[in-house]
Amino acid sequence: ADDVTLQLKWVTQAQFAGYYVALEQGFYEAEDLNVEILAGGPDIAPGQVLAGGGADVMIDWMPSALAAREKGLPIVNIAQPYKSSGLMLTCWKDSGITGPEDFVGKTIGVWFFGNEYPFLSWMSQEGISTAGGEDGVTVLKQGFNVDPLLQRQAECISTMTYNEYGQVLEAGVSPDELVTFKYEDEGVSTLEDGLYVLEENLADPEFADKMVRFVRASMEGWKWAEENPEEAAMIVLDYDETGAQTEEHQIYMMGEVAKLTAGSDGTLDVADYERTVATLLAGGSDPVITMEPEGAWTHAITDAALQ
Amino acid sequence: MTLIFVLIVWAAGWGLNVMIARSKGANTAAARFAVPVIFGVTVLAIWEILVRGYDISAVILPAPSAIWTTLTSTTDVLWGDFVQTFLKGALSGYIIGCASAVIMAVIVDRYDFLRRGLLPVGNFVAALPIVGTAPILVMWFGFDWHSKAAVVVVMVFFPMLVNTVAGLRDTSVMQRDLMRTYGASYMQTLFKLRLPAALPFMFNGLKIATTLALIGAIVAEFFGSPVRGMGFRISTSVGQLALDMVWAEIVVAAIAGSLFYGLIATVEKGLTFWHPSQRK
Amino acid sequence: MKQRIVPILTVVCAIFAFWYVACIPMNVQETLTAAERAGAVVTPDNARDRAEVGRFALMVQNLDTLGGSWSVDRARLPAPHQVAVELWDSTWNEEVHGRRGIVKSGSLSNRSLIYHGGVTLGATVVGFLIGSGLGVLLAIGIVHSRTMDMSVMPWAIVSQTIPIVALAPMIIVVLYSIGVQGLIPKAVISAYLSFFPVVVGMVKGLRSPDAMQTDLLRTYNASKSDAFWKLRLPSSVPYLFTSLKVGIAASLVGAIVGELPVQRGGLGARMLGGSYYGQTDQIWAALFFAAALAAILVAIIGWIEARTLKRMGVQQ
Amino acid sequence: MTVIQAQGLDLTFQTNDGPVQALRDVNLTIDKGDFVSFIGPSGCGKTTFLRCIAGLETPTGGTLTVNGMTPDEARKSRAYGYVFQAAGLYPWRTIGGNIRLPLEIMGFSKEEQAKRVAKTLDLVDLSGFEKKFPWQLSGGMQQRASIARALSFDADILLMDEPFGALDEIVRDKLNEELLKLWDRTGKTIGFVTHSIPEAVYLSTKIVVMSPRPGRITDVIESTLPRERPLDIRDSAEFIEIAHRVREGLRAGHLDD
Amino acid sequence: MTVIQAQGLDLTFQTNDGPVQALRDVNLTIDKGDFVSFIGPSGCGKTTFLRCIAGLETPTGGTLTVNGMTPDEARKSRAYGYVFQAAGLYPWRTIGGNIRLPLEIMGFSKEEQAKRVAKTLDLVDLSGFEKKFPWQLSGGMQQRASIARALSFDADILLMDEPFGALDEIVRDKLNEELLKLWDRTGKTIGFVTHSIPEAVYLSTKIVVMSPRPGRITDVIESTLPRERPLDIRDSAEFIEIAHRVREGLRAGHLDD
Ligand SMILES: Nc1ncnc2c1ncn2[C@@H]1O[C@H](COP(=O)(O)OP(=O)(O)OP(=O)(O)O)[C@@H](O)[C@H]1O
Ligand SMILES: Nc1ncnc2c1ncn2[C@@H]1O[C@H](COP(=O)(O)OP(=O)(O)OP(=O)(O)O)[C@@H](O)[C@H]1O
Ligand SMILES: Cc1ncc(C[n+]2csc(CCO)c2C)c(N)n1
Ligand SMILES: [Mg+2]
Ligand SMILES: [Mg+2]
């Protein structure tokens, strides 16, 4: 069997259910692959692991992947299991925010560590300064949880449909106390969890073949997970070494994640890609990327995998 | 090839140092300055050679030259971060933490019951790892520098307390009895005997606290911060794979930390010149 | 014994009392919000206005709802008994009654602090052995070689001003990428944090013999190794143990820090998990567990120290 | 006039391995202007007795009065200067600063302080060393500074615990002479601990011989030497006779062991 | 036979505030079996001179030979035992372990070590204390242990720096007597520093009087006392005469100041 190491972008959770399912259900084994999944965490930069040779393939959001590519790390998107974005801003309704224009003068929690690009692009498209003060938004580097919202240290925080939003609700807040802005709805969505590998590796036919099999099995895993959300959640739970995840939350997460992966067979939709690039380039004075990327994606793997 | 280069540079640097250290002038200030600098330069040179020779990716380990470029071209950002983290967070926390620890130490020293009760509990509390306390303090004191200062206070308080208490007790029976033969009051004994005698210990605490303060302020920013600060920049830049920026911040931290340490050590020399460890 | 216990108990009781009282103002917002959601009438009657009012004003205006301060779900400051319950649940209960507990599954549960404590302990001990071993060797080098003393010592100090805790994730990743995984990367960070106190203490200790003690050996024309084994080493023992105690506590912090980025179990991962899902009780429980672990490790070293010193005839 | 009066004084230290009786049934009367030496083998309780007089140690039995008060009251009324066995100068103060220490505490005015420091420094032959720190002086000079410190505030009673132990014979002789002169001039009451028989005989009006474990007074020898004592009085038959008696007393104590 | 010979010995310490001349133009010859005492005011260079002989300090001028070698060579051939001013026992070793220390270093066999430890312990009257730690002994006993340590490896020369400084007169007398017996029995050459004139006179065949700053030898007094010396020899006229000469020599040195 061929060894493949996958570096996740975050901790073990249903966000990555497809891969754990493929592992547990033997889909990888069937493709003669011996897959190891490395959990990520708050300060793990997957790109660094890839560059150092610690992993063959990683999961990343496209904005940070393209930014890294511009920084000189030649990574290529080989598959895009997430069709749509689950990113949103969640605000208290009583803060009086009804639209992006009301953000001015407010405090907003944002994730950094490469996750800040979608927000920055959006704000620059809206023409809102992120430098704080009266006529801009005050940005906080949001920590790991939703406390800043619950404790009203911020009027809005970043949430994922499948995770933090659920946590806010689990904390006893009812949806009608909240206003949410999905990036999808605002037309500034960028592609999220995709599979990336090093460009130079792709040139090696053996490696490319491995990836073809890997993507095929992974997508099989995703489809299984979409169809069996509860079982998928339990599989994820079993792989969680920290024991921090709860059953209830993972089932909720799997249900929401399924909505995001639903529209994808793994192939990168070029239109989505171009929208993402356009959003990132439109950053005004401080765009996330400064020029149209070249060769940042390939259909070669998915084409071979799905024929 | 690269390895041979590395060995040559190492041998040259170390050899030079051995020569200086064995020479007659080894005790001069110049030698004491030159030797560590030569050592540092040697390490930097080896680093540069290794990065270039083995073509190590810049997202893993940038070359010193690249770090230098970033350092000099982004001074405004670095300065802003320095003000936020060091001047606002670390320094205020350091002052509050050390001052309250000294006051607490005087009280604890006065009442033996408190000393026996508080010190063991204090040791236990001091063992709480900051990575656990920092998120709690960020939750309590908000995202700005106040919570960083709070983390620093928590970190420096106990080392300072323990050292000051030890120092206040470090008077000989004879020194204390002398005060008693004069019928001196508690306050007179405190200011004329205990505090001066405690100074060497207090400076031990103050020196340990300098490194803790900077580390505490930086780490606390990992758990939530405004969009500036050394910790914020380090963590964000790692995510952006801007490792040159990460190292530039580290250089700033090391310089700031060393200067801070040096400053305290200089004050110590001035105030505790009489202590055997300062004489020689 | 009694002389030691009574003051400690008094102080602990005082702290608990203060803690319970502090819960009221700390949790007042959450308490009122919870009460409001449960249908009680509170003033002001919406969370936004309450955020503007001071904690103490809120307390005065809502005296009858404050009873909930000690049972808030996502408390800013959980009450001591909440932490105690969490500690009990995540140790005894989880192992004895839990589905994954050792009683039912035959192996320690990954939801119990015992399991995570064990993970952390492994890295702590390995890191401590590496760090203190290195520290002792470095100290010996520094004491015997002037060049090392002059070139390495200042950098050892500088090394402590580098926020290694902040770099830990990167170090983990870099080690990770050269194939070093699991316990060792954490142990490396542990070692980095523990070596410095050991170097400093040991250098001081190895240099502690006074002029007369070294001169005595010179009159015997003793060799450097004789001087080391018969004089420097024995006289450094008290310093060594003091710094080992500091070192092992630092090691534990290092291991916990090393567990943050790689979510593979351990008390660090546990704290982060608690933080990630806003489970303050879980953080507090893990924190106390870690502190207790540190206290035990320090006590073990203290015990070895006492025995060694006794064998060396040091006066009680 | 009686200055110090001890009756049936007992002192037992409680230590880890049981009680140590340091003084047993000590009876002694010291009159104003007496120069009393305490002599006895190491560990016999000389220091302990001196500390009791100074109110630094609390007897566990018997009565002790100083100027009619308890030793503690006498201490608080600053009745004595105490010279410890070792110099015990505060290293962070200059020699002048050390001598000024009791004056500051007792609230003397600045000018008065300066005047007294200068005077006592001169007395112990250390003028010119006022600005030096203790470690810059030899052991003997430090000892003299500590004597100056005890003299500076002019207490009526001077308690000295082996003040000249660290000095060589010549310096010791000189300081002995000067101490006698000072005593003669000021009429102070002096309690003086020493290991040296000639020193005790040369200085004292009364020699208290103690024996160890538990510390008792075995002999009190009233000196018959005149107040005026040139150094060579030590070669006189009377001196040798007294010294002999002291030595016999000491030896008797040792034999008890 | 000449054992130690110093000619025009100079020693200057370099310190922060300039050079300190500790010895100037010291000339001295010590023969085999001599018992030489060094006496002189504090800081006159007695310790420094002894350390020069032991090769612990390097003279900056003049020549010094020990057994015809340089002091350093003599040190390396383990020619002497040295007793420091304070006992300086290693606290982590038992009394036996302390005495064994030089034997271990010099590579004696285990049985030989045990034999010698027992013998020297007996010599200094400490049999039975082998397993005790230093702090369990009184100061005087510690000092005897440190003498035993210097004797254990049977060096021909014994250098002792105020070994009895911390002891009271009675204990001191006893140890003096025993040292004399030892010297008489073994025929060792002994260099002995003291502050006490009677001690110097009682012990020595030769008394070296030194004067301070810079340390010079002002007088060398050959003792006319017999080798056999009971304690009460100290009351003899001859003794008093020699003591007087030593005192005069010392005083002359002091006057130079
Ligand atoms: N604080 C103490 N605790 C217990 N025992 C003590 C204490 N102080 C003194 N002793 C004991 O009391 C006895 C008398 O001690 P003291 O210091 O008065 O003797 P000394 O006559 O001054 O001896 P030296 O001539 O050596 O100074 C000794 O046996 C000593 O061990
Ligand atoms: N290491 C040193 N550095 C500088 N000066 C020194 C050093 N050792 C001794 N001296 C000086 O040399 C002189 C002689 O010192 P030494 O110790 O030989 O005196 P001593 O006769 O033994 O005095 P004591 O009777 O007090 O022991 C003194 O003035 C002393 O200050
Ligand atoms: C410190 C911190 N940094 C980034 C993220 C963001 N993040 C990483 S993976 C992922 C998907 C769902 O959780 C998200 C949102 C976070 N949560 N905490
Ligand atoms: Mg005494
Ligand atoms: Mg000396």
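Trainee: How many nonpolar, polar and charged residues are in the lining of the largest cavity?

Mentor: Keep in mind that this is a predicted model. A cavity is a space where a 1.4 Å probe fits but cannot get out. Here the lining of the largest cavity has 20 nonpolar residues, 12 polar and five charged.

Trainee: What volume does the largest cavity have?

Mentor: About 540 Å³. Of its 37 lining residues, A:W10, A:P42, A:F112, A:F113 and A:N115 are the closest to the centre.

Trainee: Which elements give two or more residues to that lining?

Mentor: From chain A, α3 (46-52), β3 (57-60) and α4 (62-71); from chain B, α10 (230-239). The largest share is three residues, from α4(A).

Trainee: And what is the volume of the second largest cavity?

Mentor: About 180 Å³. It is lined by 19 residues, and those closest to its centre are A:N145, A:D147, B:P135, B:M139 and B:F223. Elements giving two or more residues are α6 (147-150) of chain A, α6 (130-141) of chain B, and α12 (267-276) and α13 (280-311) of chain C. Here α6(B) gives the largest share, four residues.

Trainee: How do the lining residues of the second largest cavity divide?

Mentor: Nine are nonpolar, nine polar and one charged.

Trainee: How many cavities of 30 Å³ or more does the count give?

Mentor: Eight.

Trainee: Which residues of chain B does the UniProt domain annotation cover?

Mentor: The unreviewed entry places "ABC transmembrane type-1" at residues 83-268 of chain B. That span is 85% helix and 1% strand, with its end C-alpha atoms 25 Å apart.

Note on methods
Residues numbered from 1 in each chain as written. Chains lettered and ligands numbered in written order. Predicted model: local features only at pLDDT ≥ 70, side-chain atom pairs only at ≥ 80, totals over all residues. Heavy atoms only, no water. UniProt positions renumbered as here; feature names shortened; annotations may be inferred. 1 Å grid on protein atoms, 1.4 Å probe; cavity = no way out; pocket = protein on both sides within 12 Å on 5 of 7 lines; lining within 4 Å. Points joined across faces, edges and corners; volume = space filled by probe spheres on them. Nonpolar A, V, L, I, M, F, W, Y, C, P; charged D, E, K, R; others polar.
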